[in-house]
Amino acid sequence: MRLAFMGTPDFAVPSLAELIASGHEIVAVYSQPPRPKGRGQKLTPSPVHAFAEAMGLPVFTPESMKAAEAIDTFKSLDLDAACVVAYGQILKPEVLEAPRLGCFNLHGSLLPRWRGAAPIQRAIMAGDRQTGAQIMRMSEGLDEGAIILSELMDIHADDTAASLSDRMAHVGAALWPRALAAIERGGFTETQQTGEPTYARKITTAEARIDWTRPAAEGDAHIRGLSPFPGAWFEVQADGEPVRIKALMSVLAEGEGPAGQVLDDALTIACGSGAVRLTRVQRPGKAAQAAEEMLRGYPIPAGTVLAGPRRVEKAEPSDRGPLG
């Protein structure tokens with residue numbers, strides 16, 4: 001098939017690699033424009049952009065796919081289909097309708113649960129025990145299209161957003177050859193989404209702050225769901241000034257006390273019920289490290305009380321999502 005691929009982050013690279021390996025003709029790769037990165041703020045291409053160039057594929061990086069010039073260029077490609085994975089731009093109906101067979105998207109949840117920008121993070125944060133990779137036909141609405149192919153995935157008790165994202169990137173990539181073969185021969189049934197949708201809105205810095213008044217299981221899920229980015233965080237006082245520390249990994253621990261109180265010298269912290277022990281952390285301007293390593297040079301003694309934000313409501317946990 002004559003395809004365009006549209007994607008930006010590391011998550012999308014396995015899908016592009018799978019499509020190339022499957023023998024499809026990738027006539028264009030679309031990605032977000034290079035952005036300033038690092039201390040020197042050097043313009044750096046996205047992971048998809050860099051991989052596509054290394055494979056000798058033509059790359060397009062329009063600032064907006066809503067621009068008339070970008071739309072006209074896309075229409076001129078004479079595509080059979082477009083494969084979209086975390087591209088990061090809204091596609092207008094005239095773009096979605098340009099390929100002969102349509103535009104298709106790999107989404108990281110069991111739709112209609114967790115439509116939107118952060119489905120992997122939200123699933124872990126909500127305590128869901130299952131999620132999935134789905135290829136769907138794109139429509140004008142936010143992740144409202146019909147489902148072409150699905151693969152269920154368990155969420156492990158020690159999963160972080162990074163580990164689940166890595167597994168899902170490869171599980172999802174493996175769906176593309178089967179989905180495109182079915183689409184090309186017309187041998188598939190499009191399944192319309194059913195059930196009440198939930199929305200995976202973007203994670204804000206304020207929301208990432210750990211609320212120690214929640215039960216320990218919820219705090220642990222919050223920490224793992226935001227690891228490594230943007231990173232759940234808490235504050236400690238150092239020389240009278242608040243220092244923001246990211247909590248990148250935690251485990252459930254024994255202990256009780258006032259919410260937010262450090263219970264021992266191993267960074268076990270009391271929650272609304274139960275406790276969590278932080279095992280991996282990151283201080284401002286420092287690399288991520290084991291909590292015990294940080295504590296050797298930056299102790300947070302037992303008895304310290306960590307403040308937290310006011311409670312924010314969250315989605316109810318789900319075993320499988322509405323399609324399960």
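Mentor: One term before we start: helices (H or I, at least four residues) and strands (E, at least two) are DSSP runs, numbered from the N terminus. Residues are numbered from 1 along each chain as its sequence is written. Also, this is a predicted model, where local features need pLDDT of at least 70, side-chain atom pairs count only at pLDDT 80 or more, and totals for chains, interfaces and linings use all residues, while side-chain values use heavy atoms, with hydrogens and water left out.

Trainee: Okay! Where does Pro 112 lie?
Mentor: In the loop between strand 7 and strand 8. Ser 109 lies in that loop too, and the strands are residues 103-107 and 115-116.

Trainee: What does UniProt say about Ser 109 and Pro 112?
Mentor: An unreviewed entry has a "binding site" annotation covering Ser 109, Leu 110, Leu 111 and Pro 112. Positions there use the numbering we have here, feature names are shortened, and annotations may be inferred rather than shown by experiment.

Trainee: Is Ser 109 buried or exposed?
Mentor: Buried, with a relative accessible area of 0%. Pro 112 is buried as well, also at 0%. Buried means under 20% relative accessible area, exposed over 50%, partly exposed in between (1.4 Å probe, protein chains only).

Trainee: And which residues is Ser 109 in contact with?
Mentor: Skipping neighbours within four places in sequence, they are Trp 114, Pro 119, Thr 131, Gly 132 and Gln 134. Contact means heavy atoms within 4.5 Å.

Trainee: New topic: how many residues are in the largest nonpolar core?
Mentor: It has 39, and Phe 5 and Trp 176 have the most contacts inside it. Helix 6 (residues 161-185) gives the most to this core, eight residues. Apart from it lies another core of 29 residues, including Leu 226 and Cys 271. A nonpolar core is a set of buried Ala, Val, Leu, Ile, Met, Phe, Trp, Tyr and Cys residues joined through side-chain atoms within 4.5 Å.

Trainee: What about Ser 31, where is that found?
Mentor: In the loop between strand 2 (25-30) and strand 3 (35-37). Ser 31 is buried, at 0% relative accessible area.

Trainee: Which side chain does Ser 31 have a polar contact with?
Mentor: The one of Ser 46, at 2.5 Å. A polar contact is a pair of N or O atoms within 3.5 Å; within protein, one must be able to donate a hydrogen and the other to accept it, and residues adjacent in sequence count only if both atoms are side-chain atoms.
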